[in-house]
Amino acid sequence: MSHRPETEAELAQLVRDLPGPVSVRGGATRAGPAAGPEIRTGGLSGVVLYEPAALTLVVRAGTPLSQVEAVLAAEGQRLPFEPGDWRAVLGTEGTSTIGGVVAENASGPRRVQAGACRDSLIGVRFIDGRGDVIANGGRVMKNVTGYDLVKLMAGSRGRVGVLTELSFKVQPIAPAQATVIVDVPVGAAPAVLSAALGSPFDVTGAAWVAGQGALLRVEGLPGSVAYRSKELQNLLSALGAARIEDDAAIWTAVRDVAPLAGLPGDLWRFHLRPSQAGAVAARIGGAVMLDWGGGCLWARVPRGVDARAIAAPFDGHARRMSGTGLAPADPPEPQAVARITDGLRAAFDPRGIFSGDADADVLYP
Ligand SMILES: Cc1cc2nc3c(=O)[nH]c(=O)nc-3n(C[C@H](O)[C@H](O)[C@H](O)COP(=O)(O)OP(=O)(O)OC[C@H]3O[C@@H](n4cnc5c(N)ncnc54)[C@H](O)[C@@H]3O)c2cc1C
């Protein structure tokens, strides 16, 4: 059964009346249709408040991400954390919602400079498992007081409550951008990416793509971008042949993990120490892509293989993003973290209403 409340009050009443667990769904681009009863957030849509001069946006959680981006772009602004469109690489359909983006803490290449989704989120409203409306944070940074539920809800994946309203700080779209491309194999990429990120040239993207090399983005005013990209090229020339490109589509492809779309095998994402990314890529031996300076490694791995064994000797973890393999999708939480998670969920959802996805392992093929 699918519920689609049109107002926050209707949603709160619905949660109070629910006899058992449900799954929360925005556009279902990531999670797919729920196995059991679900709450769809599409009815809770629209911009509540947008003050371009104050760089502040308040929006209902079921609003399509594309609509949020269009409203901001009309004022020359954007979400700093650059959320992606993963439908092609995941092989899913639907319309991603801003609530789904926050629930996944979805963040793109600019995370290395602007932070993750949670760092741009300044306020939330959500319905907890008792059907109470919880508001936390505010529309300006200084209103954030007491317990920081804003950070808790970013990445909560529908397991704590249903997000209804989100407040963001936004940023102006940079008038110019350029990419320094260094022709190196993946094993040599982390050193290049680290050198660039450690430089004073304010790099806003640091990735490696097969067939291209290490990619370093700078953004800002045209004169500044021209100066910084040239200096970066000079710096990195010591590590490999370096050239400058101004094609912004390079970063749309990185953001959307497009180089791995349509390839065979399960899709895995590793979170690693950047210095270990080259060694992990060598162990995988197949199609890989690096983002976040090497801290994030994407890979196609033969179907059914548990790639966590590949990550085990290293400091990090692996998460299966698509595939019907036997390996669980999520890495296990360390015991201490699991205790905190259980405690928080018991506090906000004592009836376990939002545990509808608890056993959902294979989310999409
Ligand atoms: C583990 C994971 C990490 C991801 N990280 C990134 C990333 O770093 N960068 C990037 O660009 N993309 C990322 N994505 C992809 C992207 O976030 C999603 O594909 C998409 O934005 C989700 O939007 P949706 O509306 O389709 O959500 P759905 O597929 O409907 O739901 C996704 C999850 O969010 C929950 N959810 C949805 N709406 C609400 C709400 N209103 N309140 C509470 N919970 C809700 C659901 O219960 C489910 O757990 C990630 C996806 C996954 C699986």
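**Figure 1. Arg-25 stands opposite Arg-40, a residue of strand S3.** The model shown in every panel is predicted: local features require pLDDT of at least 70, side-chain atom pairs count only at pLDDT 80 or more, and totals for chains, interfaces and linings use all residues. Residue numbers start from 1 along each chain, following the sequence as it is written. Helices (H or I, at least four residues) and strands (E, at least two) are DSSP runs numbered from the N terminus. Two strands are paired if DSSP finds at least two bridges between them. Strand S2 and strand S3 (residues 38-40) run parallel and are joined by three bridges. They belong to an open sheet of three strands with parallel pairing, in the order S1-S3-S2. Strand S1 (2-3) and S2 are at the edges with a single partner strand each, so one side of each has no neighbour in the sheet.

**Figure 2. The hairpin of S4 and S5 contains a residue with positive phi, Leu-55.** Strands S4 and S5 pair in the antiparallel sense over four bridges, and Leu-49 has Val-58 of S5 as its bridge partner. Four residues lie between the two strands of this hairpin. Leu-55 is placed in the loop that links strand S4 (47-51) to strand S5 (56-60). Most residues other than glycine have a negative phi. Leu-55, although not a glycine, has a positive phi of about 55°. A residue is called buried if 20 or more other C-beta atoms lie within 10 Å of its own, exposed if 12 or fewer do, and partly exposed in between, with C-beta atoms placed from the backbone. Leu-55 is partly exposed because 16 other C-beta atoms lie within 10 Å.

**Figure 3. The shell around the ligand comprises 30 residues.** A residue is near a molecule or strand if its C-beta atom, placed from the backbone, lies within 6 Å of it. Gly-26, Gly-84, Gly-99, Gly-100 and Gly-158 come nearest to the ligand. Strand S2 (23-25), helix H4 (98-103) and strand S9 (162-169) are the elements that give two or more residues to the shell. Helix H4 gives the most, with four residues. By class, the shell has twelve nonpolar, 14 polar and four charged residues. Here Ala, Val, Leu, Ile, Met, Phe, Trp, Tyr, Cys and Pro count as nonpolar, Asp, Glu, Lys and Arg as charged, and the others, including Gly, as polar.

**Figure 4. Eight strands form an open sheet with antiparallel pairing.** The strand order is S14-S11-S13-S12-S16-S17-S15-S18. From one strand to the next, the twist averages 20°; axes are lines fitted to C-alpha atoms, for helices over the stretch in contact, and angles run from 0 to 180 degrees between N-to-C directions. Strand S16 (residues 288-291) and strand S17 (residues 296-301) are antiparallel and joined by four bridges, with Ala-299 in S17 as the bridge partner of Val-288. In strand S15 (residues 266-272), five of the seven residues are buried. Six antiparallel bridges join S15 to S17, where Asp-266 stands opposite Val-301. Six bridges also join S15 to S18, again antiparallel, and Leu-267 stands opposite Ser-322 in S18.

**Figure 5. Helix H8 (residues 189-197) lies across strands of the eight-stranded sheet.** Ala-189, Pro-190, Val-192, Leu-193 and Ala-196 are buried in H8. Viewed down the helix axis, the buried residues fall within an arc of 160°, so they line one face of H8; this arc is that of the directions from the helix axis to the C-beta atoms. The buried residues pack against S11, S12, S13, H9, helix H11 (277-284) and S16. In the loop between H8 and S12 lies Asp-202, which has a positive phi of about 50° although it is not a glycine.

**Figure 6. Leu-216 is found in strand S13.** Leu-216 is buried because 31 other C-beta atoms lie within 10 Å. Two residues are in contact if their C-beta atoms, placed from the backbone, lie within 7 Å. Apart from neighbours within four places in sequence, Leu-216 is in contact with Thr-179, Val-180, Ala-196, Val-203, Gly-205, Ala-206 and Leu-232. Between Leu-216 and Ser-322 there are 106 residues in sequence separation and 28 Å in space, C-alpha to C-alpha.
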